[in-house]
Amino acid sequence: EYLRLLACPMVIGYLDPAIFVRIPSGRELWLAVADFDTADKVKAHLAEEEHGVEVGEMGLLLDGAELEDDAKLLPGLQLEMVEMAMVEGIRVATGCCCAALEGVAVTVEGTQRGS
């Protein structure tokens, strides 16, 4: 058998195209694109794995930008899972007397998010 193995090419197994996901705990996962082809499927899987974050509070980032839930994923993508939180009511005040400042705009990554 050994000589026959040396004499001809053989296929032993196969590789599935995959995406890479880094989660906040530092753990890194490889997920098959055949099973996880959209961002919402990845989020559902991560929530099931009990990483302490529910689907609605989870974001997947690609190069620092958040993916939409219906975003199609391609093999080789490197994603980062982050915990998201809704912020309601930011008050900007002076440091000396805590007086509220009027006309303040909140800008996140170059996009105005409130005023």
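Tutor: A salt bridge is a side-chain nitrogen of Lys or Arg within 4 Å of a carboxyl oxygen of Asp or Glu. The model discussed here is predicted.

Student: With which residue does Glu 28 form a salt bridge?

Tutor: Glu 28 is partly exposed, at a relative accessible area of 45%. The N to O distance between the two side chains is 3.0 Å, and the partner is Arg 22.

Student: How many residues apart in sequence are the parts that Lys 43 and Asp 69 tie together?

Tutor: The closest N and O atoms of Lys 43 and Asp 69 are 2.6 Å apart, which meets the limit of 4 Å for a salt bridge. Lys 43 is buried, with 4% relative accessible area, whereas Asp 69 is partly exposed at 38%. Because Lys 43 belongs to helix α2 and Asp 69 to the loop between β4 and β5, the pair ties together parts whose separation in sequence is 26 residues.

Student: Which strands stand at the edges of the open sheet?

Tutor: The sheet has five strands in the order β2-β1-β5-β3-β4, with mixed pairing. Each edge strand has a single partner strand, so one side of each is left without a neighbour in the sheet; these strands are β2 (28-32) and β4 (65-66).

Student: At what angle does helix α2 run to β3?

Tutor: Helix α2 comprises residues 39-48 and lies across β1, β2, β3 and β5. Strand β3 itself covers residues 58-62 and pairs with β4 in the antiparallel sense. The angle between helix α2 and β3 is about 130°.

Notes
Residues are numbered from 1 along each chain as its sequence is written. This is a predicted model: local features need pLDDT of at least 70, side-chain atom pairs count only at pLDDT 80 or more; totals for chains, interfaces and linings use all residues. Side-chain values use heavy atoms; hydrogens and water are left out. Two strands pair if DSSP finds at least two bridges between them. Helices (H or I, at least four residues) and strands (E, at least two) are DSSP runs, numbered from the N terminus. Contact means heavy atoms within 4.5 Å. Axes are lines fitted to C-alpha atoms, for helices over the stretch in contact, and angles run from 0 to 180 degrees between N-to-C directions. Buried means under 20% relative accessible area, exposed over 50%, partly exposed in between (1.4 Å probe, protein chains only).
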